[in-house]
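Please consult the sequence and the structure while reading.

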Amino acid sequence: MDEVDKIIIHSLKQIGCKLETEDEGDDVAFGLQHFTPNLLVRAVSKCLQEINTTIAVPKSLPENMAQRFTIATLLAEMCASCGYRGDIGYQTFLYPNVVDVRRLFMFLIEHLPKELESATDAQTGEEKNNFILLMRDIKQKIATQMKAPWVPQYCRGVANRKAWGCSSQSIPFDPQVSLNIPGSYEGNNAQSQRNISSISYQIPNIFQQVSESDHDLISSVLHKNSIDVYDCKELSLEGMRLCLKESTNSSNNSKITQTEPNVNASQQTIVSNKTVKAFTPLEQLTQEVESLKLQNDDILNKRQVASSKLNNLRQQQANTLAITEQLRKDMKIHERCCMVLENPDENLSKLKDLIEKTKERRQTLESQWKSHRQPALEKINELQTLRQAKNLQNIQELRTIIKQLETTLKGKISQHVQLGEELKKASSTSAPRKEYTRRIHEFICNIRKQRNDIYKILDDTRDLQKQLNSISAQLERQFNYTDDLLFQSAKHDLHAKQAYKFLASLHAACNEISELVSQTGHTTKEIRDLEIQIDRERMRNIATSLEQISSDIRSFETVIKSLQVEIKQMENEITTG
């Protein structure tokens, strides 16, 4: 059974179960006998989550005893729903024994799904690291949350109580009535939009508004959304009413104007009906369809011509706009030249004065630049010297860091070599995967041999039972025949009467012997069953489980006594009040 336990623990580690105990040391081999109730619940919940990712499974045991019983019964019901036929209940998880735990884990490991990830891991021979397990858990949680229905916030406490078997307080779902969302207002003109944009940075965001008044964010946003939708519906209804009024007015006006052409149209239809009576309704419809097709083609041709004309006009408009822009620029230059040429002497004197002023301004700027240039150059030189000093300091620090890294690298390389040697030694000493598969095949072959032997023994017992039945029937017939013969002859002969008595005593003795043989067989079978049951009970550690049950009963008694004291205090307060 040690090999079976090793295979079970190896498969549990592959699916991501963290099997760690604080009591056992590193030199002690971890087995199924070291499973505590918390560790057992964690491993079974992980297996059930792998089998069915849509269910919510509790992953730990709380401290409260009643909640521990509820979670244990919930896990037992889940295992039974998966198809486990063994004896399972809350005692399997709260008071575990090696035999029941082994059977349960063998069933759960057989029902684990064969995914692509497990196949790739089996090919490469590498175990799953924590990152892959974390990503898979995230995917599973996102998938379950996407499939789960939306639950209101004020009902989440009840849902948690039902799912996890523990109590939780309900969350208040009070919305804020006066919630202002920045950027949600739209004005009719540009001025209103400018005013709103200038004030929007002063308005606090929705998180600040909700946190100040201790209201719920989701309920406040839903309340605001429902108000906005109601306002939009009212506006749309008013617009529909105005459109209906305008349409009724326009229809009344159109009725007055269409009375005269209707008279002429009625006269034309009377004439056309007389000519069309010779055609069937199908022919009339086909002619109408053909005429409509021709009209459609004519309209499309006209549309193409009009679109080409429109494009040409647009091109002409763009060309004329470009020419007008160029003419405007030339016009401005021509106007400036004319203004200069009207009074050439005055304009030349003005230009000379401007040139002299610009020269003087240039000289003043050069003098100012010289006065500011010298201190700037000095500052640049100082900064360059400081920069060089900092660079030298940084280079020295980098050299020291490089030396430290080289030393750590040498240590890591030596450690890597040492770990490689240890890995080679461990791989040579420990049994590889092929050895496990070979042992599993040996177990399967032994089980098949045992099954064939059992079938042979059953066939032999059936044959023996048939032979016994036939021999007993034959003996019964012979006894009846001899009994009749001796009974008839015993009426006239004394020796025959004595032989008849001996025959009856022999028959009774033979019946007693056969009954004794059958009773001995039954007793030996019962002895074997009792020995097997005794061995099973010894494996289950009844003494430890009884101690745990007695401790749980004591804790229940203390809780009940405390509750009774509280009830008496409440009754006394009520009576005194």
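This is a predicted model: local features need pLDDT of at least 70, side-chain atom pairs count only at pLDDT 80 or more; totals for chains, interfaces and linings use all residues.

Q: How many of the 15 residues of α2 are buried?
A: A residue counts as buried when its relative accessible area is under 20%. Helix α2 is mostly covered, and its count of buried residues is twelve.

Q: What distance does α2 reach from its first C-alpha to its last?
A: Helix α2 runs over residues 37–51. At 1.5 Å a residue, a span of 21 Å is expected for its 15 residues. The reach in the model is close to that expectation, at 21 Å.

Q: Is Glu50 buried or exposed?
A: Glu50 lies in helix α2. Its relative accessible area is 7%, and the cut-off for burial is under 20%. Glu50 is therefore classed as buried.

Q: Which residues does Glu50 touch, not counting residues up to four places away in sequence?
A: A contact requires heavy atoms within 4.5 Å. With residues up to four places away in sequence left out, the partners of Glu50 are Ile15, Leu112, Pro113, Arg136 and Gln140.

Q: How are α2 and α5 oriented to each other, roughly parallel or roughly antiparallel?
A: The axes of α2 and α5 (residues 98–110) come within 10 Å and cross at roughly 20°. Angles under 35 degrees count as roughly parallel. The two helices, α2 and α5, are therefore roughly parallel.

Q: How many nonpolar residues does the contact of α2 with α5 have?
A: Helix α2 passes α5 in a left-handed crossing. The contact is formed by Leu40, Ala43, Val44, Cys47, Leu48 and Ile51 of α2, together with Val101, Leu104, Phe105 and Leu108 of α5. By class, this contact has no polar and no charged residues, and its nonpolar residues number ten.

Q: How many charged residues does the contact of α2 with α3 have?
A: The axes of α2 and α3 (residues 65–82) come within 11 Å and cross at roughly 35°, and the crossing is left-handed. Pro37, Val41, Val44 and Leu48 in α2 meet Arg68, Leu75, Met78, Cys79 and Cys82 in α3. By class, this contact has eight nonpolar residues and no polar ones, and its charged residues number one.

Q: Which class of orientation do α3 and α17 have to each other?
A: Helices α3 and α17 (residues 542–576) pack with their axes 10 Å apart, at an angle of about 130°. Met65, Ala66 and Phe69 in α3 meet Asp552, Ser555 and Phe556 in α17, and by class the contact has four nonpolar, one polar and one charged residues. The relation of α3 to α17 is therefore oblique.

Q: What share of the contacts with a separation of 6 or more involves residues 24 or more positions apart?
A: The protein chain has 17 helices and zero strands, and buried residues make up 13% of its 577 residues. Among contacts with a separation of 6 or more, the share from residues 24 or more positions apart is 58%.

Key:
Residues are numbered from 1 along each chain as its sequence is written. Side-chain values use heavy atoms; hydrogens and water are left out. Axes are lines fitted to C-alpha atoms, for helices over the stretch in contact, and angles run from 0 to 180 degrees between N-to-C directions. Helices (H or I, at least four residues) and strands (E, at least two) are DSSP runs, numbered from the N terminus. Angles under 35 degrees count as roughly parallel, over 145 as roughly antiparallel, 65 to 115 as roughly perpendicular and the rest as oblique. A crossing is left-handed if the near helix is turned anticlockwise from the far one by less than a right angle, and right-handed if clockwise. Ala, Val, Leu, Ile, Met, Phe, Trp, Tyr, Cys and Pro count as nonpolar, Asp, Glu, Lys and Arg as charged, and the others, Gly among them, as polar. Buried means under 20% relative accessible area, exposed over 50%, partly exposed in between (1.4 Å probe, protein chains only). The expected span of a helix is 1.5 Å times one less than its number of residues.
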